[in-house]
Amino acid sequence: MSKSKKSNTKHLTSGLWRALLLGGATIGASAQATAQQAATAPAATNSSDEIVVTARRPLAESEAASLAIQREADSVVSVLSADAIGRLPDQNIAFAIGRLPGVSIERDQGQARYVNLRGTPVYWNTLSFDGLSVVSPEGRATRLDNVPSVLASQVLVTKAITADMPGDTVSGNINIITRRASDYDGFTLFGNAALGYVTLGGGEEVDTSLVYADQFLNDRLGVLLQGSYYRRNMVTDNWETDPYIEAPAGQPGVRFAREYENKPYRLTRENSSLSFRVDYEINPNHSVFASSIWTQYADEELRNNYIFRFDQGRTATGASTGINGAGAITGNTPTFGTVFAVQLRNNTNSLESEEDTYINSLGGESLVGPWTLDWRANYTFSSDGRDAPALPDFRSPSGSADRPTVQYDFQDGHNNTVRLFRTNVVGSTLSRGEAVASIDSFQWPLRLLSRRSGGDITQAWTFKLDAEREFDAFGSNIEFSTGLLYVDRAKKSREVLWTTGDLTSSANAATLARFNAAGYNVNTFYDQIRLGRPYLGEYGLGYNFTYHSKSRLDQITADLIARGVMTRDTATELNNYYDVSERVLAAYAMAVIDQPWGNVVVGLRGEQIQNESTALPLVGGVRRLTTIESEETLFYPSLHINWDITDEWKARLGFTSTASRPDFDDLRPNFTIDDVNRTISGGNPDARPERQIGVDAYLEWYMEPEGYFSAGVFYKDLSDVLFLERTAFGSSALDSGSTIRSDYAFTRVNNAGDGWVQGLELAYSQTAAGLVESMDLPEWLGGFGIRATAVWVDSEVNIPAVRTSTGTILNPERTAPLLGTSDSTYNLQLTYEMYGLSVRLAYQQRSPWGQSYGSYVTNGGQIVPGGNNLGPRVDSANGDIYWDSDDELDLSIRYQVNDNFEWYFDGVNLLNGAGRRYADSPNYPIEYETFGPRFIMGTRFNF
């Protein structure tokens, strides 16, 4: 079936691979032109010009395919293409596209999870599969660690959107082009199998995949099946000093950590995927397809969370440290000191989170007269599970002699540690006793045991119709396209919670009696779940401990539920209940107007959005079913000018308008409570879309015979900026019995004022082949290459003052950088490809970026972190929270053994870079976590 120019650009991959297989030794702009011709003409298998391929160059193959598509695109695009036998270079999509120009990575415990495009927030990205928008199980902040790279033949990252893309695409659209049988010549079977080692803790890593494709009925019927499985066992080294206590009046530069904690995780992470696709050509003018994709991300998380509460300790005279924390003791500084009789907490968690996504599509393409019609019907189901089979909470007794005296040393900033001692008590005087090596030597009875199951479920029906045709008008060829889109998404949160209640409370004496009758004891409960396995990490904690047994803990919890000792916590279940929905009706019209010097792309998109949210909040102490509805219509004009200056040089100028909408659950009219992590997240039904107007100007150089350079600037004007606000909850409205929640960390999305973001992006790629040939140097030197990208970003958001109803200022007006933006991001890749050997040493560095905004007050004439200007000092005064600079060095080695087999070795996180966060200033670190390098080796096969 013949296709328009636009369709050829979308589905260039098959022709590119054929061209590259025929001429893999010639990679560059000339190879790109050859590849484009191959997309619309049969492969010449018996040509006198055929090049004999002696060894593949997978990195060069991928780049040649990518640049061919990028050069023909209608706006600013970066492309990641599989190599000539259909493989991307990394395990998940986040890692893979993190190598592209203008892309940086946000990691979770060492694993690439989110991507920032040109240094902007992750929720500004949209995710599509084959051009159809899909919402991640977590929401608009698109997670990509749950998308294995084996699913994709290409990933198109569009940074300046056109009218045929969703209007909430602000920084860019990540379009995953899945595989189809027509990408290959007949029967194809390929995959990989690898085994690895994680240095920290000695865990193993497993990575496998298999792809089958074939065509039948004279190539009219294509069938593709794919499956993958990945698992990694790991531990982490971690410390946290979060939050900080507000500085006393007149001392704006002095903040003490409220607590110190360690979270030595044991993790098992798994990624699985299955997919199939069937394509059928009914006749030369009509084709249909059906596809189904399933991905699963599973995370088993075991955590011994030891928390030392300095604000619930004692001074040498026996007085409570209280709101001053460690600062209540003379001689202590924010970075070194001693606190007596510190309350010790231990949250020994057993968590099993699982994210599933099912993407089911039916579609087709038809030629009807001069029109090409492309239609899609899609049903997507995703679940974001939060199962926690057992959540015990241990705390020290109230007696000072039963609690540790803690000496803290935070002077390094990278190695915050504590030392533990007995607490000597003589009358009302406390002093430091003998040193204690094992934290298990102290008493910390079980206070509460809970269990949680459930999570969020999102379902979406999508219907999409695009029509395009070409015609001549005003002396120009015009490719006109128009389309309709209807999306109906619904998300609901359902949890089932079981709890013993506070076993140390006299009001819960009956439950404690049943607990004891079941054969358990709060004072020795940890002994009953002790695994006896020592610490697997390398960080010097300052004390020893032993891990707990997940199976034993889960078994005891199930037994207590069966015996009726643990009962349903319906109050918290109802607090966390909500239903939200979003219906979008969109239409667009777009024209690509060819000119002798290039083209002009003009378009307009309109979207009508209807939102509805339902919850059961407590209103005046009474729980009421509350439903809130909203509706708005937004229009997004866009204009792109693409100028072919010469055969090698291209200039682009784009003007765009977009709007980033609040996430579904950000609009819910309730609060979600997590008693284990002491957090509350709240909905904000009044949150408005964040509007942006942007301009992009890029210059691109496609060098002959190979190489690439680009330079671009971008600017976005922002209004009603959405941001994550993080403060102390500061209210007793959600307290339940002896569970006090007023000091919990409270987060919600809110609108700030106006703002802007601007930046400069550079990219360069070249090999030594041309230089070596021109200077008649040894051939082997031509295998060296370099790829370098850099982005510099500046931004500012006006955060308005918070006032009382009478106009009194609670928090002063201020400015801050846009969340998620790094001032600079650098990617450098050194490569070598020759004689079947392919080596890539990749380094990425990004400067600090904001995670959330906090509260600030005026103290001593300075604006500093704090609660508000009227109320008392608070014990949660972090201010804005930032992720510190991040760098990672990875090594990939591939060797082509023969036409069917390839050996590969990957080394990841070779610098053992840490995940670091700080509160307002690097002088106040709140988290430091390391994960260790890991190595994996295996084989890829192709038949």
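Does Leu217 count as buried or exposed, and what is the relative accessibility behind that label? Leu217 counts as exposed because its relative accessibility is 52%. Here buried means under 20% relative accessible area, exposed means over 50%, and partly exposed lies in between (1.4 Å probe, protein chains only).

## Basis of the model

This is a predicted model, in which local features need pLDDT of at least 70, side-chain atom pairs count only at pLDDT 80 or more, and totals for chains, interfaces and linings use all residues. Residues are numbered from 1 along each chain as its sequence is written, and side-chain values use heavy atoms, with hydrogens and water left out.

## Overall form

The protein contains ten helices and 56 strands. These elements are DSSP runs numbered from the N terminus: helices are H or I with at least four residues, and strands are E with at least two. Along the principal axes, the C-alpha atoms fill a box of roughly 100 × 60 × 55 Å.

The radius of gyration is 30 Å, which agrees with the value near 30 Å that a compact globule of 943 residues would have. That radius is taken over C-alpha atoms, and the globule rule is 2.2 Å times the number of residues to the power 0.38.

## Burial, surface and charge

Of the 943 residues, 59% count as buried. The protein exposes about 35,400 Å², and carbon and sulfur atoms supply 56% of that area. Accessible areas come from the Shrake-Rupley method with a 1.4 Å probe; for residues, only the protein chains shown count as cover.

Among the contacts with a separation of 6 or more, 73% are between residues 24 or more positions apart. A contact means heavy atoms within 4.5 Å. The protein has 80 positive and 114 negative charges, and their mean positions are 6 Å apart. Lys and Arg count as positive and Asp and Glu as negative, while His and the chain ends are not counted. The place of a charge is taken as NZ of Lys, CZ of Arg, CG of Asp or CD of Glu.

## Nonpolar cores

In soluble globular proteins, nonpolar side chains tend to be buried together. A nonpolar core is defined as a set of buried Ala, Val, Leu, Ile, Met, Phe, Trp, Tyr and Cys residues joined through side-chain atoms within 4.5 Å. The largest one in this model has 55 residues, and those with the most contacts inside it are Phe308, Phe310, Phe515, Phe525, Tyr543 and Leu560. Helix H8 (residues 550-562) gives the largest share of this core, four residues.

Leaving aside neighbours within four places in sequence, Phe515 is in contact with Leu446, Leu503, Tyr520, Asn521, Val522, Phe525, Leu560 and Val565. A second, separate core has 26 residues, including Ile97, Leu117, Leu151 and Ile176.

Thr614 is located in strand S30 (residues 598-615). With a relative accessible area of 12%, Thr614 is buried. Its contacts, leaving aside neighbours within four places in sequence, are Tyr577, Tyr578, Asp579, Leu625, Thr626, Thr627 and Pro669. Thr614 and Asn670 are 56 residues apart in sequence, and their C-alpha atoms are 8.7 Å apart in space.

Thr930 belongs to strand S55 (residues 925-930), and counts as buried at 12% relative accessibility. Not counting residues up to four places away in sequence, Thr930 touches Leu200, Thr236, Asp237, Asn912 and Ala914. Tyr895, in strand S52 (residues 886-896), counts as partly exposed at 38% relative accessibility. From Tyr895 to Val602, the separation is 293 residues in sequence and 47 Å in space, C-alpha to C-alpha.

## Backbone details in loops

Pro705 lies in the loop between strand S37 (690-702) and strand S38 (708-719).

Leu217 has a phi near 55°, a positive value in a residue other than glycine. The loop that holds Leu217 runs between strand S9 (203-216) and strand S10 (221-235). Asp920 also has a positive phi, about 75°, although it is not a glycine. Asp920 is found in the loop between strand S54 (915-919) and S55, and is partly exposed, with a relative accessible area of 31%.
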